Amino acid sequence: MPVFSEQNRTEDMTQILSIQGLTKTFGSKKVVDDVSFDVGTGEVLGFLGPNGAGKSTTMKMIVGFLTPTSGTAIVHGHDVSRDPLAVKASVGYLPEGAPAYPDMTPLAFLGFIAGVRGFDGAERRARVERVVEMTRIQEVSRQPIETLSKGFKRRVGLAQSLLHDPDILILDEPTDGLDPNQKQVVRDLIRDMGKEKCIVISTHILEEVDAVCTRAMIIASGKVMADASPAELKAQSGSGDLDEVFRKVTANA
Amino acid sequence: MRNISLVFKREFAAYFATPLAYIFIVIFLALAGVLTFRLGGFLGREQADLVPFFEFHPWLYLFLVPALSMRLWAEERRLGTIELFLTLPISMTEAVVGKFLAAWAFTATAVALTFPMWLTVNYLGNPDNGVILASYMGSLLMAGAYLAVGSMISALTKNQVIAFVVTTSVCFILTLAGSPTVLEFFSSWAPANVVQAIGNFGFLPHFQSIQRGVIDLRDLIFFGSVIIVALIANAIIVDWRKAF
């Protein structure tokens, strides 16, 4: 039972992220199957789907980590298969599991990333300080990342993606492993930034879609099964329950 | 250049973030000393040169260089940081070269710390310091070749122990490719030009001629080519296997 929004919601917005027929096969298995969509500024798009649905693989192709089998992503007018460096420079990306160098402190780690992003001296320090405040990691900023709790590690990863104040953020499970208070902090941050940025997050927590997303996309077996606002999705089920829609849509996949 | 230097600094500092750097340097210096004085008979020879010291460098590198190169890519893979690293606006060349140079600079630091050996021989006699300088350069160039091969192998796995063992084995073959044992094995059945080609691939003869103080362009080109070819292969492997 595919659910798609009636109106073409993004027509009047600036299209800064355009996914065109993205497909990825590993061996004989199609992990992502002809996925196309556009996202504009002011949108927070939530990728929903069961584990192994192709959410992370899609994100990895958008940011130029994996090469698509076919199709491409256009980010800020740059085709990721032709000019991956331009795409990497303009996107903020939080990989799944928020990997970071365990022997570095958050300050050293963020300093390194800020350097690679082209900032030096006072500007670099100011950028690092800004994201440390935004993600509220001041208290742990001088201890090795390997000693941090899962929640802090996740926020260090988030901080890293925000250093260059990108217009486009791709966040793979940004709230995974956070306690309810930390989740609230990160969700508020995403919702806030979503007003002037284009954000794509992946999650398997349905309440999160309700809490932060302006648009939800259900992905199963590499295909887009639904693409609508959370409210529209809920209207599809009699009970107004997102869980029910999710189960219905992904049941046959 | 900017990105190479940023990657270089991060990698170089990473060696010193764990005890690895200090353990490596202490063991390198201790082994170099033991081999030179005991096996090499440095004092008994009564000759003012560092031949017994440099002679053992290939064998020292054989076990110690893979310990430095094994983490270069395997660790990024295991930690998942490779996904972060390769989605930063850094080109593959900058990433590979930055990491390699950091490992090489670290090796150079360890080798430079053998300077008391040079002081000793100058105190005891009048050695040809030109030959010693050439030997140091040759030794470093050879270490670079071992490191480049090790970095390439490190890119194949997420297991550092596997990277270590495979690198040691491959470097062992590369070291000995020009030795009589290997050449005799091949000369019994392979055509003469093949045997010669294999012989030319050995690290030892190239190092030995530099060590004699003869800086032959061909030897420099040999080690330089090994480094460049291994690093190109390294970049291709990282690109090919990054998803696994």
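## Chain A

Of the 253 residues in chain A of this predicted model, 47% count as buried. The secondary structure of this chain consists of nine helices and eleven strands. Where contacts link residues at least 6 apart in the sequence of chain A, 68% of them join residues at least 24 apart.

The C-alpha trace of chain A spans about 55 × 40 × 40 Å along its principal axes. Its radius of gyration is 18 Å, which agrees with the value near 18 Å for a compact globule of 253 residues.

## Chain B

Chain B has 14 helices and zero strands. Read from the N terminus, its elements run α-α-α-α-α-α-α-α-α-α-α-α-α-α. Of the 244 residues in chain B, 39% are buried. Among the contacts of chain B with a separation of 6 or more, 80% are between residues 24 or more positions apart.

Along the principal axes, the C-alpha trace of chain B spans about 55 × 50 × 30 Å. A compact globule of 244 residues would have a radius of gyration near 18 Å, and the 19 Å of chain B agrees with this.

## Packing of α7 and α14 in chain B

Within chain B, helix α7 (residues 92–112) packs against helix α14 (residues 217–241) at an angle of about 120°, and their axes are 10 Å apart. An angle of 65 to 115 degrees would count as roughly perpendicular, and one over 145 as roughly antiparallel; α7(B) and α14(B) are therefore oblique to each other. The crossing of α7(B) past α14(B) is right-handed.

On the α7(B) side, the contact is made by M92(B), T93(B), V96(B), V97(B) and F100(B). Helix α14(B) contributes L231(B), N234(B), A235(B), V238(B) and D239(B). Sorted by class, the residues in the contact of α7(B) with α14(B) are seven nonpolar, two polar and one charged.

Notes. Residues are numbered from 1 along each chain as its sequence is written. Chains are lettered from A and ligands numbered from 1 in the order in which they are written. This is a predicted model: local features need pLDDT of at least 70, side-chain atom pairs count only at pLDDT 80 or more; totals for chains, interfaces and linings use all residues. Helices (H or I, at least four residues) and strands (E, at least two) are DSSP runs, numbered from the N terminus. The radius of gyration is taken over C-alpha atoms; the globule rule is 2.2 Å times the number of residues to the power 0.38. A residue is buried if 20 or more other C-beta atoms lie within 10 Å of its own, exposed if 12 or fewer, and partly exposed in between; C-beta atoms are placed from the backbone. Two residues are in contact if their C-beta atoms, placed from the backbone, lie within 7 Å. Axes are lines fitted to C-alpha atoms, for helices over the stretch in contact, and angles run from 0 to 180 degrees between N-to-C directions. Angles under 35 degrees count as roughly parallel, over 145 as roughly antiparallel, 65 to 115 as roughly perpendicular and the rest as oblique. A crossing is left-handed if the near helix is turned anticlockwise from the far one by less than a right angle, and right-handed if clockwise. Ala, Val, Leu, Ile, Met, Phe, Trp, Tyr, Cys and Pro count as nonpolar, Asp, Glu, Lys and Arg as charged, and the others, Gly among them, as polar.
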